[in-house]
Amino acid sequence: MACVLLSPFTASAQEGRIAGTVADDTGGVLPGVTVAAEGPALAGDSRVVVTDGDGGYALEALPPGAYTLTFTLPGFEELTRSIELAASSAPTVNITLRLGGLFEEVTVAVTGTAIDAPAINMPHAVAVVSRDTIEQQGSTQLVDLFKNLSVSHGVIGERSSWYNSNQPSTLTENVANVNLRGLGASRTLVLINGRRQVSVPARLIGGRFVDVNTIPAIAVGRLEVLKEGAAATYGSDAVGGVANFVTRHGFRGLELNVSHDYFDSAGDTTVAGIWGGRIGASNLVVAAETVSRQELQMAERPWTLDRLSTHVGGNRAGWSSLGNPGTFAVGAPVPWTADVFDPRCTEFGGQDEGWTCRFRYAPYDNLIDEQRQTRAFVELNGPVNGQTNYHVEGLFANATIPNWYTTPSYPPFPLTSTTIMEVGPNHPGRQAFCGGYAGDGKADPGGACACGDPWYFNGRPYGNSGPGRRLRRESQTARIAGSVDGDFLLGQRNTHWDVGVSYSRAKGNLNLPAVYTDRIFRAFRGFGGPDCGVGVMADHGSRAGMALGPLNGAVAGQGGCMYYNPFSNAIEFSDQPGAAFENAANPDYVPGLANQEQLRQWLNEEVDLVSTTDLMVADATLSGNLVENVADYAVGYQFRYARANGAPNAAGDVTRNPCQVAGDATCAAGERFGPYLFTNVHRPYNADQQVQRFFGELALAIGPRVETQIAANYEFYNIAGRHVSSFDPKFGGRLQIAENLHYSLALRGSVQTTFRTPSLDDLNPSPLTTLEWISETGAYQAVDRFGQTDLLPEQAFTYNLGAVLFLEGGVEATVDYWSYDFENVIGSMPYDAVTSLYSSDDPATRQALSPFIICPGGRASDLAPEDRCAAANLQRVQINLVNWPGLTTSGIDTHFATRFDAGPGQVSLAWDSTLTVEYDTKTLPLEGSDLTLYSERSAAGYLNVAHPIAVPLPRWVNIEQSYDGFTHDPKGRRFKMSLTYRFGR
């Protein structure tokens with residue numbers, strides 16, 4: 001009897017256990033894998049478990065014997081393992097699964113839902129770019145990856161910021177973005193491991209975006225892209241979709257990577273490493289990389305300068321209206337007048353227009369600036385106890401542009417007031433000029449050399465002589481995030497909870513060189529230089545607005561006082577590629593009249609703005625099962641706090657130096673443009689915003705063939721004293737038409753509303769000032785954009801319809817039709833439309849546009865109609881941010897892939913493309929009038945230069961992604977070589 005009673009306990013003591021983890025071939029863990037154990041000891045039965053969120057599984061209470069373990073997950077190759085289980089043993093069996101029939105679209109995805117599920121089972125379109133794909137592309141920077149992602153248009157990050165998309169030039173060249181559907185990067189939500197990241201430290205129209213170049217590429221296990229609006233799941237900013245970077249948190253071992261992307265005259269070099277290992281029961285992963293980019297100048301790509309060498313009137317492409325050499329007005333400062341013409345215009349590389357010598361500034365805007373970027377990422381994952389896990393991560397990135405390159409000088413501002421650049425009869429440069437060209441029919445057609453009238457220079461201080469100016473730009477990004485999650489029973493059902501907090505900060509500077517107006521005023525009169533000792537004072541009664549201070553015995557051009565010489569007799573060689581004087585000396589050159597380097601340095605200043613952006617996010621999610629195999633749910637709450645501020649240096653702070661004379665504050669309000677020629681100045685700003693949101697999601701399986709997703713988000717803000725809220729629902733469904741051993745066909749679709757609240761920059765009433773091409777003046781002019789506190793949130797209705805097909809043998813195909821209908825799109829008024837309409841002869845039209853035009857005498861609306869300036873003579877444009885009536889866009893995504901064995905290897909073929917069927921912006925009226933500022937138009941298939949709410953949009957995107965201002969990739973043909981060595985896993 002005792003033996004009978006003891007036998008169950010003896011059997012229990014002999015039972016064993018098989019446990020382990022399942023990961024993909026990049027080291028990322030795979031939840032949702034079905035693990036089945038079969039063997040004689042089970043008497044024809046089987047044991048089945050599913051891996052948890054960390055890819056772990058455990059088969060308990062197994063009798064001793066031989067077992068076959070089968071690991072299956074849709075989209076991955078099925079794997080079997082045989083094992084002999086000894087009595088009372090507990091072996092560990094860790095498994096790596098390879099992608100199977102579905103390469104990019106099916107892996108376990110966490111994007112688009114708070115309920116864990118493989119992407120194949122989701123009703124919405126999620127593209128998954130695996131680690132293998134990233135490595136095969138040789139993407140040394142993530143900007144390369146997004147330029148080759150068919151659903152991302154208008155990618156910033158490869159070119160000089162001057163030409164970046166349609167954004168004002170407020171971005172440094174080291175940043176890169178994701179811009180799904182071309183709807184604007186601020187409308188794509190970027191996540192790291194499912195949590196938000198801080199945006200760039202730069203003021204942008206229509207909202208900022210996340211700089212994806214701060215993420216170490218070697219730390220990325222996969223990229224999940226939700227290709228549709230997702231406000232119901234993620235809240236504001238997910239209008240265009242979501243890009244979620246999932247790191248390699250399950251990686252173990254050591255991997256080193258050295259790669260060089262060589263292209264003619266430049267290249268990118270990346271050195272990276274990642275290590276992962278166990279620390280007790282936890283797993284630590286550390287990754288770091290450094291990227292060095294070589295400078296690529298315009299002259300290294302002749303096609304850039306060829307295209308920019310044929311100037312078309314009114315075109316901004318690489319030419320300025322004013323150069324050096326230049327022209328001179330005699331007797332009075334009359335713009336665009338050539339009473340005297342420096343005859344060496346074309347030999348120095350300029351373009352002779354008769355009334356001016358145009359200057360080609362294109363060679364001074366690099367295609368790629370020299371950069372050094374360092375990024376590091378660390379994460380620690382592990383159990384707190386048997387039911388609770390933790391995750392901690394940190395990120396740091398530093399980007400430096402040590403020698404940002406730009407033009408030798410900017411033209412004067414305002415262009416219509418050249419009184420500061422007066423050349424008297426005693427100017428040594430003028431005397432030498434007249435000694436060689438007095439009475440010349442081209443240079444001195446009116447005999448100006450024979451009289452003593454003052455001349456006024458229509459040009460810029462430095463031009464074809466060079467050299468280009470260089471400055472240092474630097475930015476840092478830091479992030480720390482942590483979460484705790486676990487499981488418990490709620491009403492006898494498994495329930496999962498997750499609580500997380502993240503804080504991230506970005507800081508960086510944007511600078512420009514600037515020439516002091518009062519210093520160039522002194523230098524033209526012979527009192528320039530740091531050792532002259534002659535000051536300047538404001539004189540608002542004079543045409544120049546300033547006058548020389550006491551001379552105290554100083555003599556023009558003597559001692560420490562220097563003349564600035566605007567004539568070509570000061571220049572020996574041209575700095576313009578291909579110019580006649582590039583390698584041959586100017587015969588008019590007089591060494592004693594050359595402008596000294598000391599003078600050039602004294603004239604210049606650096607205008608700088610240091611911006612900081614902070615983001616803190618706290619969220620909590622509860623998910624679980626309501627009805628077994630029928631209904632799953634998730635509910636949650638999120639709190640976000642964002643802050644942005646900008647601090648200009650003293651030289652660039654218009655609140656300290658508002659007038660032409662540095663330090664003066666007595667000029668009229670309409671003349672407070674700062675103390676520099678042309679370069680815009682900044683105002684300090686500081687703003688913050690709080691957001692709260694509640695969201696819920698329900699996944700329903702209606703029979704064996706139909707799966708649905710119902711989600712909703714309620715979000716509310718306090719914006720500039722106003723309470724703004726939005727409720728956004730979503731419905732999605734998936735219908736399995738057929739499924740057998742030979743093929744599988746499913747239909748999927750979703751419909752939803754989505755929104756985006758006005759950003760901190762959109763609401764900031766302090767103007768954002770940039771330089772923009774104004775056709776009516778034939779030059780770049782300052783444009784001020786003012787945020788408005790009464791802007792409405794953007795709203796959109798969007799839907800997606802698609803089909804997914806799998807064929808036996810590893811063939812897959814997907815097609816999706818998508819559509820967006822936007823209302824209240826936030827963007828600036830089109831400055832070019834404002835100036836064009838203002839140039840009208842119709843008095844009513846000019847009256848309606850006059851509040852936005854700054855004339856030499858002040859704001860046009862403050863002047864009598866007869867005193868208002870012509871459009872050609874305007875000094876500045878001041879416009880508001882507005883809600884555009886909207887836009888509609890739609891298109892078709894296609895994907896095809898196959899894989900087959902070829903001897904010892906395997907061949908993979910894939911096709912991904914996006915066809916933008918339409919991208920139509922609606923008519924924008926001028927509020928309070930019957931004028932149309934911007935007519936309805938189609939943006940699909942166009943570069944959309946100066947379009948306020950459209951980026952470059954190719955219709956077909958599948959091969960050539962670098963759709964930029966020159967329709968070329970500046971890298972051209974290149975060779976990539978990458979070497980990766982894995983020491984373990």
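**Reading features, one at a time**

Guide: Let's start at one serine: a polar atom of the side chain of S320 lies 3.2 Å from the backbone oxygen of L322. Before we go on, this is a predicted model, in which local features need pLDDT of at least 70 and side-chain atom pairs count only at pLDDT 80 or more, while totals for chains, interfaces and linings use all residues. Residues are numbered from 1 along each chain as its sequence is written, and side-chain values use heavy atoms, with hydrogens and water left out.

Visitor: With which side chain does the side chain of S320 make a polar contact?

Guide: A polar contact is a pair of N or O atoms within 3.5 Å; within protein, one must be able to donate a hydrogen and the other to accept it, and residues adjacent in sequence count only if both atoms are side-chain atoms. Here the side chain of S320 meets that of R460 at 2.6 Å. R460 is also among the contacts (heavy atoms within 4.5 Å) of S320 that remain once neighbours within four places in sequence are set aside, together with R358, F359 and Y361.

Visitor: Where is the place of S320, and is S320 buried or exposed?

Guide: Look in strand β18, residues 319-320. Helices (H or I, at least four residues) and strands (E, at least two) are DSSP runs, numbered from the N terminus. S320 is buried at a relative accessible area of 6%. Buried means under 20% relative accessible area, exposed over 50%, and partly exposed in between, with a 1.4 Å probe and protein chains only.

Visitor: Which are the buried residues of helix α6?

Guide: The general idea first: an α-helix has 3.6 residues a turn, so residues three or four places apart point the same way. In α6, residues 428-437, the buried ones are G429, R430, F433, C434 and Y437. They line one face of the helix, because seen down the axis of α6 they fall within an arc of 130°, taken from the directions from the helix axis to the C-beta atoms. The cover over these buried residues includes β20 (340-341), β25 (422-423) and β26 (455-458). On the face turned away from the buried side, you will find G435 and G436 exposed.

Visitor: What is phi of R181?

Guide: Most residues other than glycine have a negative phi, and most peptide bonds are trans. R181 has a positive value, near 65°. R181 sits in the loop between α3 (142-147) and β11 (188-192) and is buried, with 2% relative accessible area. N629 also has a positive phi, near 65°, in the loop between β31 (604-627) and β32 (631-648), but N629 is exposed at 66% relative accessibility.

Visitor: Which residues does a cis peptide bond with omega about -10° join?

Guide: Those are G466 and P467, with P467 in the loop between β26 and β27 (469-490). The bond from N324 to P325 is cis too, with omega near 10°; P325 lies in the loop between β18 and β19 (327-330).

Visitor: How many salt bridges does a search of the whole structure find?

Guide: Side chains of opposite charge can pair when their charged atoms come close. A salt bridge is a side-chain nitrogen of Lys or Arg within 4 Å of a carboxyl oxygen of Asp or Glu, and the search finds 35. One of them joins R748 and D816, whose closest N and O atoms are 2.8 Å apart. This pair links distant parts of the chain, 68 residues apart: R748 in strand β37 (743-756) and D816 in strand β41 (811-828). Both R748 and D816 are buried. Another salt bridge brings E628 and R493 to 3.6 Å, N to O. That pair also links distant parts, 135 residues apart, with E628 in the loop between β31 and β32 and R493 in strand β28 (493-516). R493 is partly exposed at 29%. R472 and E474 form a salt bridge as well, at 3.5 Å from N to O; R472 is partly exposed at 44%, and E474 is partly exposed at 28%.

Visitor: With which residues is R181 linked in a network of salt bridges?

Guide: K227 and D893 share that network with R181, the buried residue with the positive phi.
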